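I'd like to walk you through a two-chain model, so let me get it up on the screen.

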Amino acid sequence: MIAEQPPDRSEEEVLLAFSVEPTHDRKTLEQYLADYPEHAKALIACSIELMVDATRSVETVATSDNAVDRAWQRFQSVVSQPEEASVINPFATLNPTSFKSLAKKLDINNLMLIRLRDRAIVAATIPRHFVQRLAAGLGATTDAVMDYLRSPPAMVSGHSFRSTVKPAVTEQITFEKAVETSQLTPDQQEALKALQD
Amino acid sequence: MPEPLKRKRKDGTPYERPAGIEDWLKKLEIVDASERLRQFATLGRKSPGYVPSEVLIHFLRRAWAEGMHGDFEKHFRILMKRVEQSLCSAISDARLAGARGIRDEIMGRFAERIAKDCRGRVGLLDFYEVHFDQAFAAFRTSVLRQIGPSTVETVPLGTDEDDGLEISAEVEAAAAEFLGGDPEKIDDPAFRSALTSAIDSLPDDQKQVIGLLLQGFQIDSKDKDVMTIARILQCDERTVRNRRDRACKALKIILQEENAQ
């Protein structure tokens, strides 16, 4: 069980905290509205729901087991899911301008950087020195960038800049092959090959 | 001894179960699982021997933590049956179109929360061991805001006439009398129950205004430090008054009809 709370409380968490307060009077609501103005409408709805709920009588009604069965299936599907990958995409925060300037800083072109971003290159073949420079340019740790590069290639969407490469799940190639086929200048190719571990 | 709750308040103090719930936990942890399950199976809240859901969810979590997955499923099914009963009352077929599907989705999402808690991920279930019904009402509110039908009347902010309908002076006077009226009547459980049920049937924008008025918020104030309804809802105070007046008119009709029955 994780006891630490995330710094930004979700709407659900704020409402739950509000709901278990000893009272839900004006003072309590005012305090929550002041603390969580972003959840104001949800808090008001919740305070009214709690007020109405207190006078609502729960009658025992005849129900079938179907809804409970469906809930059980949903529980089972979530509880057996593999852990979500904790790998963060270090390229996610780059805008088109910073993407291009990073390529320039690394003395490569956009296509090569796109291949790195899309994990189209076998991570094990990328020189460690190059990963260190890439990490420094991305403002991330070398390990975090390596973890990202090691994760399976995937179609990357949501990039707002134009690319000459059609987005697709690509088959991974070696770093050397990528250097040779990314339309880099002979000098750039030579510099990158010199980084080989 | 039942394990203390792990979740903490904003000030760093841990949440605690009410004394009555702790007593139930101590009482039930010394009996065997089959006897506990027998006691949990009592569905009617007014039935003798009904065990609070705070206790049920505690033993549900404990069954998972101890690897007793067979017992866990039994606890889960009893809990979900209770949740379904509660949802049938809060989201009745008469209240909402498609109520059954909404109830199903809320149950499904709650099942997901339980699954996440079992996996040790940002468990929010501690809240349900403090006050189950209130916590579940909060959860329901949050889910309904995402999937429920919107009954909020869309009114441009800052307008003084919500829909062009003019509120007569008589209605406004009646509203003031209604809300500021006889406190004894408001405190009367039967009247309050009828009133809250009538409020529940109002459109969301009117419900917000009435709910806040009943909690003692002012509609407007010249003092900028006072949290008023107009400021909370970010609309013109005349819009608030119009919503209040229309709500009061509707409430009077509903309550008069109930009295006539």
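**The two chains, and where they meet**

So, starting with chain A: we have ten helices and zero strands. Keep in mind that this is a predicted model. If you read chain A from the N terminus, the order is simply α-α-α-α-α-α-α-α-α-α. Chain A has 197 residues, and 28% of them are buried. As for contacts, take the ones in chain A with a separation of 6 or more: 66% of those are between residues 24 or more positions apart.

Now over to chain B. Here the count is 13 helices, again with zero strands. Along the sequence that reads α-α-α-α-α-α-α-α-α-α-α-α-α. Chain B has 261 residues, of which 34% are buried. And if you look at its contacts between residues at least 6 apart in sequence, 58% join residues at least 24 apart.

For a pair of packed helices, you describe things by the angle between the axes and the distance between them. For α1(A) and α3(A), the angle is about 40° and the axes sit 10 Å apart. Why do we call them oblique rather than roughly parallel? Roughly parallel would need an angle under 35 degrees, and with about 40°, α1(A) and α3(A) are therefore oblique to each other. The crossing of α1(A) past α3(A) is right-handed.

And who's actually touching whom? From α1(A) you've got Glu11(A), Leu15(A), Phe18(A) and Ser19(A), and they meet Ala42(A), Leu43(A), Cys46(A) and Leu50(A) from α3(A). Sorted by class, that contact comes to six nonpolar residues, one polar and one charged.

That's what I had, so over to you.

How values were computed. Residues numbered from 1 in each chain as written. Chains lettered and ligands numbered in written order. Predicted model: local features only at pLDDT ≥ 70, side-chain atom pairs only at ≥ 80, totals over all residues. Helix = DSSP H or I, 4+ residues; strand = E, 2+ residues; numbered from the N terminus. Buried ≥ 20, exposed ≤ 12 C-beta atoms within 10 Å, placed from the backbone. Contact = placed C-beta atoms within 7 Å. Axes fitted to C-alpha atoms, helices over the stretch in contact; angles between N-to-C directions. Parallel < 35°, antiparallel > 145°, perpendicular 65-115°, else oblique. Left-handed = near helix turned anticlockwise from the far one by under 90°. Nonpolar A, V, L, I, M, F, W, Y, C, P; charged D, E, K, R; others polar.
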